[in-house]
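Colleague: Please take a close look at the surroundings of the ligands in this model. I would like the contacts and the make-up of each shell.

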Amino acid sequence: MDDRTYTAEATPGETVTVAGWVHEIRDLGGIAFLILRDTTGRIQVKFEKDEMDDELVEMGLGVSRESVVAVTGDVKEEPRAPTDVEVVPESVEVLSRADTELPLDPTGKVDAELSTRLDNRTLDLRREAGQAIFSIRSEVQAAVREAFREADATEINTPKIVATGTEGGTELFPITYFGREAFMNQSPQLFKQLIAGSNLERVFEIGPIFRAEEHNTPRHLNEATSIDFEGAFCDHNDAMDVCESVVVAAYEAVAENCAEELDALGLDEFEVPDTPFPRISYEEAIERINATGELDEQLVWGDDLPTEGEKALGNDVGGHYFITDWPAEIKPFYIMDHDDDETLSTGFDMMHPRMELVSGGQREHRREELIAGFEAQGLDPEAFEYYTKMFKYGMPPHAGWGLGAERLIMTMLDLDNIREAVLFPRDRQRLSP
Ligand code: ATP
Ligand code: AMO
């Protein structure tokens with residue numbers, strides 16, 4: 001079937017078969033045009049009614065918008081055509097007819113609600129801007145994989161049906177697993193640590209995470225994609241270096257390879273973030289947030305940063321940055337504290353001015369301290385025996401982080417809603433498609 005020529009590659013002088021969707025039909029009377037669209041662009045097909053076979057004209061112009069057609073004909077140079085070339089058809093075959101009523105307008109001329117677009121993603125991603133987001137997402141994932149390989153990390157895949165949660169009990173989705181209680185995985189956290197302790201040493205994963213978030217927000221999903229790194233013999237500073245290089249590599253690849261997509265999204269001023277990302281301590285962060293006067297109540301040591309606080313600091317810093325040295329009490333059990341001050345953790349977040357993108361830190365690799373951490377967090381160490389056991393057999397110092405892929409795309413492309421960056425988002429209302 002695919003001996004067709006992409007519309008973008010149809011060259012004057014050739015006889016080609018182009019196939020795609022009927023984007024538009026423009027009937028000017030004696031002459032009419034069918035604009036045919038495929039993944040590479042569009043091409044004009046010219047029908048001169050008096051000079052062409054009636055059946056051919058009827059076939060080409062009688063078809064509804066968004067029907068799928070194959071057109072065979074000669075490619076001619078034509079300066080008046082939108083792409084400077086047109087096809088003079090010899091035959092038109094209708095491969096699939098579309099209803100005349102469409103739930104949304106794939107030319108993008110008529111705006112549709114986000115929910116209508118998400119219910120009709122096939123049509124929605126026939127719009128240039130829709131297609132552009134997911135072409136860029138693919139470019140980002142390829143660049144991230146390449147950057148990890150350059151950092152000597154091996155790609156792994158860890159289970160998504162698990163026995164225990166790690167990131168807070170209220171966000172777990174319970175399932176029944178052959179009569180036993182199980183959960184959808186919130187983070188590959190414990191598995192990636194277990195493998196950093198193997199001879200693979202440095203690992204990464206790009207995979208789904210599941211969180212029963214309490215509210216619908218524009219930046220939370222119930223199924224998200226996490227980009228995770230874990231490296232043996234790394235400390236939190238090394239982990240931040242890898243994080244910065246992966247994020248910058250993603251931006252660079254998009255700047256280099258996605259000019260058309262950025263144009264379709266109206267992002268002509270796309271910029272790769274400046275490096276190094278500033279590393280601001282939690283203490284400095286709350287001081288700076290308080291100094292902006294944006295919050296009704298002043299933050300004190302030990303507070304989590306509220307959304308308005310993150311935004312105020314983001315505006316103040318003006319680019320990507322890290323927040324380091326968090327209070328130990330608000331970071332999870334697996335994060336190591338500083339040797340010289342147990343109230344301070346090596347945990348860090350990496351922030352875009354609009355929101356948090358990454359959490360990470362150096363991990364507690366000393367078994368006794370790890371178990372004490374479980375207890376302090378109200379978790380039963382017995383339930384995590386599969387994990388703590390391996391800390392008896394030579395667990396090296398290690399560090400890592402997790403980056404939300406959709407938040408990366410959302411902030412990179414200045415999208416209002418995280419759902420724009422997912423083909424079929426899962427939120428409290430959406431379970432299909
Ligand atoms: P995590 O570190 O797992 O992402 P989080 O969801 O609290 O935890 P963020 O997503 O970065 O972290 O959110 C930071 C801030 O956003 C929180 O401190 C809180 O003020 C606000 N926030 C988080 N979750 C929600 C939610 N479901 N609904 C509304 N606001 C939220
Ligand atoms: P954390 O829970 O902060 O850390 O998650 C890491 C990053 O994943 C993204 N993220 C989400 N994106 C969309 N919707 C959600 N519901 C959602 N939840 C999380 C965010 C967030 O910054 N185990 C640690 C990571 C580590 O230390 O290696 C963890 O999961 O971008």
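Modeller: What follows goes through the two ligand sites in turn.

The model is a predicted one. Around ligand 2 there are 22 residues, and those that come nearest are Gln189, Lys192, Arg211, Glu356 and Ser359. The side chain of Lys192 places an N or O atom 2.7 Å from an oxygen atom of ligand 2. For Ser359, a side-chain N or O atom is likewise 2.7 Å from a ligand 2 oxygen. Leu357 takes part through its backbone, with an N or O atom 2.8 Å from an oxygen atom of ligand 2. On its own, ligand 2 has 620 Å² of accessible area, and the protein covers 93% of that. Helix H5 (189–196), strand E17 (355–362) and strand E18 (398–404) are the elements that give two or more residues to this shell. E17 gives the most, with five residues. By type, the shell of ligand 2 holds seven nonpolar, seven polar and eight charged residues.

Turning to ligand 1, the residues around this ligand include Arg211, Glu213, His215, Leu305, Pro306, Glu310, Glu356 and Arg407. Arg219 has a side-chain N or O atom 2.6 Å from an oxygen atom of ligand 1. His220 brings a polar side-chain atom to 2.9 Å from a ligand 1 oxygen, and in Thr307 a side-chain N or O atom is 3.0 Å from an oxygen of ligand 1. The protein covers 67% of the 580 Å² of accessible area that ligand 1 has on its own. The shell of ligand 1 consists of two nonpolar, four polar and six charged residues. Arg211 and Glu356 are listed around ligand 1 and also among the residues that come nearest to ligand 2.

Note on methods. Residues numbered from 1 in each chain as written. Chains lettered and ligands numbered in written order. Predicted model: local features only at pLDDT ≥ 70, side-chain atom pairs only at ≥ 80, totals over all residues. Heavy atoms only, no water. Near = heavy atom within 4 Å. Polar contact = N/O pair within 3.5 Å; in protein donor to acceptor, adjacent residues only side chain to side chain. Areas by Shrake-Rupley, 256 points an atom, 1.4 Å probe, with all protein chains shown as cover. Nonpolar A, V, L, I, M, F, W, Y, C, P; charged D, E, K, R; others polar. Helix = DSSP H or I, 4+ residues; strand = E, 2+ residues; numbered from the N terminus.
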